[in-house]
Amino acid sequence: MSYLRFEKALMTNLQDSLPKELLRTNRSGAYSCSTIVDCNIRKYHGLLVVPVPELDDENHVLLSSLDCTVVQHGAEFNLGLHKFQGNNYSPKGHKYIREFDCDKIPTTIYRVGGVILKKEFVFQAYNDRLLIRYTLVDGHSATTLRFRPFLAFRSVRQFTHENSTASREYHEVPGGIKTCMYAGYPDLYMQFSKKNEFIFQPDWYRGVEYPKEQERGYASNEDLYVPGYFEMPIKKGESIVFAASTSETKVSGMKKLFEDEVALRTPRDNFFHCLVNAAHQFHNRDKNDDRYLLAGYPWFKCRARDTFIALPGLTLSIQEADYFELVMKTAARGLREFMEGKPLSVKIYEIEKPDVPLWAVWAIQQYSKSCGKERCKKLYKQLLRDIIMFIENNEHPNLTLEENGLLHTEGRDEAVTWMNSTANGRPVVPRTGYIVEFNALWYNALRFVASLAADDGNTADQEHLEALAEKCKASFIDTFLNEYGYLLDYVDGPLMDWSVRPNMIFAVALDYSPLNQQQKKSVLDVCTRELLTPKGLRSLSPKSGGYNPIYVGPQTQRDYAYHQGTAWPWLGGFYMEACLKLYKRTRLSFIERQMVGYEDEMAYHCLGSISELFDGNPPFHGRGAMSFAMNVAEILRALELLERYKY
């Protein structure tokens with residue numbers, strides 16, 4: 001039985017099948033994404049979505065979809081599916097689907113009368129090239145396939161509409177055509193492995209609608225350009241490969257290329273393999289051979305905080321330390337450039353946020369545990385010392401080491417933590433002053449770097465860092481720990497935020513904590529009672545003022561809910577780590593039950609991955625970005641910890 005397989009009953013029921021999205025990436029920024037019934041429901045969806053750096057920093061939808069029509073005895077059966085205005089679906093090709101399977105590669109089986117057609121697709125690694133293979137499994141009479149491409153040539157953040165500017169010009173190339181709708185875009189090559197006829201029949205399909213954009217309060221309609229159609233006969237047992245690319249594909253090698261790509265795929269035959277597959281989708285290599293981690297799909301770029309939080313889980317937890325080193329090499333260069341006041345040569349956003357260097361130290365700490373202190377010191381000792389000095393000397397523009405040993409930051413006017421939603425230009429959660437996770441991370445960083453200094457016999461550095469850590473520890477407990485046994489979220493002079501939020505979990509989960517065992521257990525108990533859900537920790541307790549757990553509606557409405565009660569799986573990863581550190585093997589079965597909530601997500605929303613956030617109330621529906629790096633990373637890291645405590 002396949003792990004990710006869906007039968008006819010689900011596939012033909014759009015209420016069940018449309019919410020299930022499928023993502024494939026090429027690890028260089030391009031992706032292919034739609035639903036399992038090939039009906040685009042977001043403006044971000046498309047068969048070939050690629051970056052066009054000559055135009056801007058966004059991805060662009062070139063080929064939106066490709067409708068396949070089976071022709072027998074003059075009768076046409078269109079297997080495509082589009083949503084149009086007025087809740088109209090056409091041409092309703094989903095009714096021919098018999099099953100869908102994506103354990104190895106996405107595979108759809110269609111049945112039209114006596115015709116059984118299999119469709120499989122892959123995205124070529126590090127190339128902007130999508131490959132689709134059509135195989136006629138059964139057919140009792142002459143069969144013809146007709147393919148109609150729907151073109152967009154627009155940014156993922158915009159829509160295209162019928163216009164006279166779009167070029168209708170095309171040129172024949174081996175096995176197909178190339179075309180380009182607007183100046184500045186690359187040519188789109190559409191080629192087949194078999195000789196075919198292209199019939200030029202230009203038209204616009206008007207009023208295509210994207211329901212996910214409607215849900216989010218955005219415009220949701222566009223027109224798509226169809227230049228014509230390709231047509232060719234197919235015999236029983238024959239396979240035909242289609243390639244959509246920004247460069248010409250060698251027709252004679254298309255079938256082998258498809259097979260070679262299939263051989264490279266990790267089977268998604270269990271929970272762990274699904275997460276490994278998802279982890280690889282966040283990889284990003286640019287033309288300079290710099291390596292990044294994208295924060296999520298379909299709209300996130302590479303963000304500094306997300307990179308350092310996600311890096312250990314996406315690499316070390318799946319025995320890919322080499323990729324950790326490649327990403328860290330790029331990220332460390334950006335971090336140094338920022339600390340030295342130089343222009344950034346890396347494409348990493350938000351590197352100026354005050355907690356970024358603290359998370360960088362945490363990421364390197366995980367590398368040290370995984371690869372050994374000697375290797376860690378060889379690669380990162382100097383960077384660690386420079387980060388500590390940078391913070392200690394108050395060189396960061398928005399991070400001050402106070403006399404009491406705590407870090408202070410200004411966050412009233414600009415969101416400076418991971419709780420970064422804004423409304424009307426102001427932070428929804430204005431966390432400012434002494435922020436709980438900043439100082440937990442600072443204490444952890446001091447103790448970790450001190451341990452490396454001790455390992456080197458550098459007594460002076462060790463004693464200096466430990467003295468800073470002791471001062472931080474005493475002030476941390478005085479400042480954040482309250483009489484109710486949990487930690488204040490932030491303290492700004494006389495202002496104390498008593499909201500029960502998940503940021504205190506870091507003070508329990510980190511390797512070095514300023515709290516004693518009893519204080520840790522008290523904090524963990526509060527998190528368990530008020531914040532824990534099957535999908536992670538809530539961003540705010542239901543008992544706290546302003547609880548708003550459902551992330552729906554227009555942008556402003558969602559901004560106010562983003563960190564006011566929604567549940568985040570990556571926080572659940574740190575919660576599970578805290579549980580295991582405090583209670584060891586006695587909590588194994590509890591953590592395994594928590595994992596069931598995450599494994600359930602493999603067959604919902606984005607298949608094989610985890611959504612950005614979830615509603616804080618049942619049924620804990622997935623929202624936001626379809627695939628989120630920090631969530632995948634922390635569940636992978638928690639799985640690794642679980643295995644370690646088992647044996």
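A polar contact is a pair of N or O atoms within 3.5 Å; within protein, one must be able to donate a hydrogen and the other to accept it, and residues adjacent in sequence count only if both atoms are side-chain atoms. Such a contact, at 3.0 Å, joins the side chains of lysine 535 and glutamate 601. Welcome to a predicted model, in which local features need pLDDT of at least 70, side-chain atom pairs count only at pLDDT 80 or more, and totals for chains, interfaces and linings use all residues. Residues are numbered from 1 along each chain as its sequence is written, and side-chain values use heavy atoms, with hydrogens and water left out.

**The whole protein**
- The protein has 17 helices and 35 strands, which are DSSP runs (H or I, at least four residues; E, at least two) numbered from the N terminus.
- Of its 647 residues, 62% count as buried, meaning under 20% relative accessible area with a 1.4 Å probe, protein chains only.
- The C-alpha trace spans about 85 × 50 × 45 Å along the principal axes.

**Lysine 535**
- Lysine 535 sits in the loop between E30 and E31, and counts as buried because its relative accessibility is 7%.
- A polar atom of its side chain lies 2.5 Å from the backbone oxygen of glycine 597.

**Helix H16**
- Glycine 597 is one of the buried residues of H16, which also include Leu588, Phe590 and Tyr598.
- Seen down the axis of H16, the buried residues fall within an arc of 160 degrees, so they line one face of the helix; the arc is that of the directions from the helix axis to the C-beta atoms.

Notes: Buried < 20%, exposed > 50% of the residue type's maximum accessible area, 1.4 Å probe, protein only.
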